[in-house]
Amino acid sequence: MAALLEFHNVTCRIAGREILHGINLSVGRGETVVLLGRSGSGKTTLLKMVNRLVDAHGGQVRFEGVPVTDQDPIRLRRRIGYVIQEGGLFPHVTVERNVGLVPRLENWPEEKVRERVFALLRMMGLPPEEYASRRPRQLSGGEKQRVGIARALAAEPPLLLLDEPFAALDPVTRFELQKQFVELRRRLGTTALFVTHDVREAVMMASRIAVLKDGAIELVAPPEEFLNASIGEAAAFLASVREDRTTSEWRTRF
């Protein structure tokens, strides 16, 4: 599988403290690689290195075979969809304007922008005739996240970055959006790097799971192998949820 995104021996320090060290990871086209780790493990910092919200102090991050430090950061960010908690929508403009932001910045014809926006809203279960003219304050938390995902996909980026996008939602809405994202990924063939500290979410969403501990990657494995981990941080995550549901039940549920 051809790598769309690569980390080569990446190191990062913030305020003199080493946050990441010796990171080697690749994300193939069409994959969803989940970064799973506790708070402070470095997973969000690693995600932000891709679109240069944080720069590495050592090693190299490559997107489409080119070091991100050799790419214009504005152009780079327009080619990478980015989804954060609660959507990160602009409150003063409509849903339609929010979703169409990057295509308009890229000078798409207005008719094409509208067509793309309406198609994505329908994909996300938000009928455009009902939602396109709404403002973010008129949306529920789940609706805001759906709009945020639609906006991230609007300019047909080759890569999505998702930083715990469903963490603030109630359990039912969260599960619905998780299923919707999995189906969307299958339908569009989207490549994604997805941050979470929720082991169930990782198993549900991932093509492969990269487990981080103390700024290093301890394990990279598909969900089926991750579920059989018996040592290290992966085993600690699994032990934390075994009382609620057996690991085999999680996977068959999805």
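User: How many salt bridges does a search of the whole structure find?
Analyst: A salt bridge here needs a side-chain nitrogen of Lys or Arg within 4 Å of a carboxyl oxygen of Asp or Glu. Side chains of opposite charge can pair when their charged atoms come close. With that cut-off, the count of salt bridges across the whole structure is twelve.

User: What kind of model is this?
Analyst: Residues are numbered from 1 along each chain as its sequence is written, and side-chain values use heavy atoms, leaving out hydrogens and water. Local features need pLDDT of at least 70, side-chain atom pairs count only at pLDDT 80 or more, and totals for chains, interfaces and linings use all residues, since the model is predicted.

User: How far apart are N and O in the salt bridge of Glu 233 and Arg 38?
Analyst: The two side chains meet directly. Their N to O distance is 2.5 Å.

User: Is Glu 233 buried or exposed?
Analyst: Buried means under 20% relative accessible area, exposed over 50%, and partly exposed in between (1.4 Å probe, protein chains only). Glu 233 has a relative accessible area of 3%, so it is buried.

User: Which helix holds Arg 114, the salt-bridge partner of Glu 96?
Analyst: Glu 96 and Arg 114 meet in a salt bridge at 3.2 Å, N to O. Glu 96 is in helix H3 (residues 95-99), 18 residues away from its partner. Arg 114 is in residues 110-123, helix H5.

User: What relative accessible area does Arg 114 have?
Analyst: Glu 96 is buried at 14%. Arg 114 is partly exposed, because its relative accessible area is 41%.

User: Which residue forms a salt bridge with Arg 174?
Analyst: The closest N and O atoms are 3.5 Å apart. Arg 174 is in helix H8, and its partner, 24 residues apart, is in the loop between E8 and helix H9 (199-205). Both residues are buried. The partner of Arg 174 is Asp 198.

User: How many aromatic pairs does a search of the whole structure find?
Analyst: Rings of Phe, Tyr and Trp (its six-membered ring) pair if their centres lie within 6.5 Å; planes under 30 degrees apart count as stacked, over 60 as edge-to-face and the rest as tilted. The search finds this number of aromatic pairs: two.

User: What is the angle between the planes of Phe 166 and Phe 194?
Analyst: The ring centres are 6.0 Å apart. Phe 166 is in the loop between strand E7 (159-163) and helix H8 (171-188), while Phe 194 is in strand E8 (residues 191-196). The pair is tilted, with an angle between the planes of 55°.

User: Which residues do ring pairs link into a cluster?
Analyst: Phe 166 is buried at 0%. Phe 194 is also buried, at 0%. Phe 181 and Phe 194 form a tilted pair, 6.1 Å centre to centre. Ring pairs link into a cluster Phe 166, Phe 181 and Phe 194.

How values were computed. Helix = DSSP H or I, 4+ residues; strand = E, 2+ residues; numbered from the N terminus.
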